[in-house]
Amino acid sequence: MRLKQVPVLVACDRQGNLIDAVLTRVSSDELYRHLNGCIKLETPLCADAHLAHELVSKRLKVVLKEIVSSSKIAVLEGVFHIQHVNGYHSTLKRWINCTLCGVATKNLTKYLGWRRILSGDSLSKATFIERIAGYWALN
């Protein structure tokens, strides 16, 4: 049985800010809906080659630094790459598929939030567990 693959947007910057979202499909409209207001005009958008990325960069009025995986060039101009996003995406998939043994699509947004909290510097795993335990104690 082949599992349904659900597209997930993952975007991050060098300061550790992270955006993730469950998409119904990969389209410039969906990407724009999630990225609009999150990327400064002077910030280039680094992404793999996809027509939706080209269209959304134009709508956001940002420069697109397109990484074409088939070209074997992983870094453009010595600084632009998508390795952090690919690493996070890989970790996310491993966590969902191996640690959690899969999740229901209807709950995927909640799991993305959980992973984001566990990955962030602002909240330690111990603090997160304390908060969850406190929530459970109240309910």
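This is a predicted model: local features need pLDDT of at least 70, side-chain atom pairs count only at pLDDT 80 or more; totals for chains, interfaces and linings use all residues.

Colleague: Which helices does the pair of Arg59 and Asp29 tie together, and how many residues apart in sequence are the parts?

Modeller: Arg59 lies in helix α2 (residues 51-60) and Asp29 in helix α1 (residues 28-35), so the pair ties together parts of the chain whose separation in sequence is 30 residues.

Colleague: Where do Glu30 and Arg33 both lie?

Modeller: The side chains of Glu30 and Arg33 also meet in a salt bridge, at 3.2 Å from N to O. Glu30 is buried, with a relative accessible area of 9%, whereas Arg33 counts as exposed at 56% relative accessibility. The two residues are three apart, about one turn of the helix, and both belong to helix α1.

Colleague: For the salt bridge of Lys65 with Glu77, which residue is buried and which is exposed?

Modeller: The closest N and O atoms of Lys65 and Glu77 are 2.8 Å apart, and the pair links distant parts of the chain, twelve residues apart, with Lys65 in strand β4 (residues 64-67) and Glu77 in the loop between β4 and α3 (83-99). Burial is set at under 20% relative accessible area and exposure at over 50%. At 15% relative accessibility the buried residue is Lys65, and at 60% the exposed residue is Glu77.

Colleague: How many salt bridges does the structure hold?

Modeller: For the structure, the number of salt bridges is four.

Colleague: Arg115 is buried yet has no salt bridge; which side chain of opposite charge is the nearest?

Modeller: Arg115 is found in helix α4 (residues 108-119), and, leaving aside its neighbours within four places in sequence, Arg115 is in contact with Tyr88, Thr91, Leu92 and Trp95. A salt bridge needs a nitrogen and a carboxyl oxygen within 4 Å. The nearest side chain of opposite charge to Arg115 is 8.5 Å away, and that side chain is Asp20.

Colleague: Turning to the cysteines, how many disulfides does the count come to?

Modeller: The sulfur of Cys12, a partly exposed residue with a relative accessible area of 32%, is 9.8 Å from the closest cysteine sulfur, in Cys46, which is too far for a bond. Cys101 is likewise in no disulfide, with the nearest cysteine sulfur, that of Cys98, 7.8 Å away. Since a disulfide is taken as a pair of cysteine sulfur atoms within 2.5 Å, the count of disulfides comes to zero.

Colleague: Which element gives the most to the largest nonpolar core?

Modeller: The largest nonpolar core has eleven residues, including Leu9, Leu31, Leu45 and Val56. Strand β1 (8-12), α1 and α2 each supply at least two residues of this core. With three residues, the element that gives the most to this core is α2.

Colleague: How many residues does the second, separate core have?

Modeller: Ala21 belongs to the largest core and, leaving aside its neighbours within four places in sequence, is in contact with Pro7, Val8, Leu9, His34 and Leu112. Leu112 is itself included in the second, separate core, as are Tyr88, Leu92 and Ile96, and the number of residues in that core is nine.

Colleague: Is Ser57 buried or exposed?

Modeller: Ser57 lies in helix α2 and, apart from its neighbours within four places in sequence, is in contact with Leu45, Val62 and Leu64. With a relative accessible area of 5%, Ser57 is buried.

Colleague: To finish with the protein as a whole, what percentage of the 139 residues is buried?

Modeller: The protein has five helices and four strands, and from the N terminus on its elements run β-β-α-β-α-β-α-α-α. Its accessible surface comes to about 9,900 Å², of which 55% belongs to carbon and sulfur atoms. Of the 139 residues, the buried share is 26%.

Terms used: Residues are numbered from 1 along each chain as its sequence is written. Side-chain values use heavy atoms; hydrogens and water are left out. Buried means under 20% relative accessible area, exposed over 50%, partly exposed in between (1.4 Å probe, protein chains only). Lys and Arg count as positive and Asp and Glu as negative; His and the chain ends are not counted. Contact means heavy atoms within 4.5 Å. A nonpolar core is a set of buried Ala, Val, Leu, Ile, Met, Phe, Trp, Tyr and Cys residues joined through side-chain atoms within 4.5 Å. Accessible areas come from the Shrake-Rupley method with a 1.4 Å probe; for residues, only the protein chains shown count as cover.
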